[in-house]
Amino acid sequence: MSSYDDSFNNLDDLSIVDALVQVSFLIQSILAKIGAEHDLSIIQIRLLGILRDREPSMQQLARHLGLDKSSITGLVDRAVRRGLVERTVSPADKRGFNVRATTAGWQIIHEVGEQIERQITAMTEGLTESERTQTIVLASKILATAVGANR
């Protein structure tokens, strides 16, 4: 076997960047596979994930997903046509709309969410409980730093 092929098996020497990118690729692969099973793109999965615990405005959705106004409108329009979300008049701004999951949307949120949780939990089976806790703490710090840098 060539040294090139061996490099994919030597995970002990990964830099922080390589390690995080590889974990990101693995998670993106899980999301893409589960999404394909439900005819959802990764961005649609992210949209539904946001709607699990809030009813954001279109502007809030665009900011959270990093999309411009026309892209978020198209994304929400497609989800509305599939019956997964609906627009409601914003209580804060009667000219604006909020987005919330429909009954069908909630069914997909729960189904897809359970599949994602199962598969990501399975990829962490090699960790001890202490390592899982430490991973949560470290990931939270990374996310907090990223959020702070983007403000």
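I call a run of DSSP states a helix (H or I, at least four residues) or a strand (E, at least two), and I number these from the N terminus.

**Entry: ground rules.** I am reading a predicted model, where local features need pLDDT of at least 70, side-chain atom pairs count only at pLDDT 80 or more, and totals for chains, interfaces and linings use all residues. I number residues from 1 along each chain as its sequence is written, and side-chain values use heavy atoms, with hydrogens and water left out.

**Entry: the cavity.** A cavity is a set of points where a 1.4 Å probe fits but cannot get out; a pocket is an open set with protein on both sides within 12 Å along at least five of seven lines; lining residues have an atom within 4 Å of a point. A volume is the space filled by probe spheres set on the points, which are joined across faces, edges and corners. I found one cavity of 30 Å³ or more. The largest cavity holds about 30 Å³ of space. Its lining is Leu40, Gln44, Leu47, Leu48, Ala79 and Leu84. Helix α3 gives the most to this lining, with three residues.

**Entry: the pocket.** How much space lies in the largest pocket? I read about 1800 Å³. The pocket is lined by 38 residues, and Val23, Ile27, Ile120, Met123 and Ala139 lie nearest its centre. The elements giving two or more residues to the lining are α2, α3, α6 and α7 (129-149). Helix α2 gives the most, with ten residues.

**Entry: helix α6.** I checked its length. The 21 residues of α6 (residues 103-123) should span 30 Å at 1.5 Å a residue, and the end C-alpha atoms are 30 Å apart, which agrees. The expected span is 1.5 Å times one less than the number of residues.

Which residues of α6 are buried? I listed Gly105, Ile108, Ile109, Val112, Gln115 and Ile116. They cover an arc of only 150° around the axis, so they sit on the same side of α6. The arc is that of the directions from the helix axis to the C-beta atoms. Buried means under 20% relative accessible area, exposed over 50%, partly exposed in between (1.4 Å probe, protein chains only). On the other side of α6, Thr103, Gln107, Glu117 and Arg118 are exposed. The buried residues pack against α2 (16-37), α3 (42-50) and β2 (97-101), with contact meaning heavy atoms within 4.5 Å.

**Entry: Leu26.** I found Leu26 in helix α2. Leu26 counts as partly exposed because its relative accessibility is 41%.
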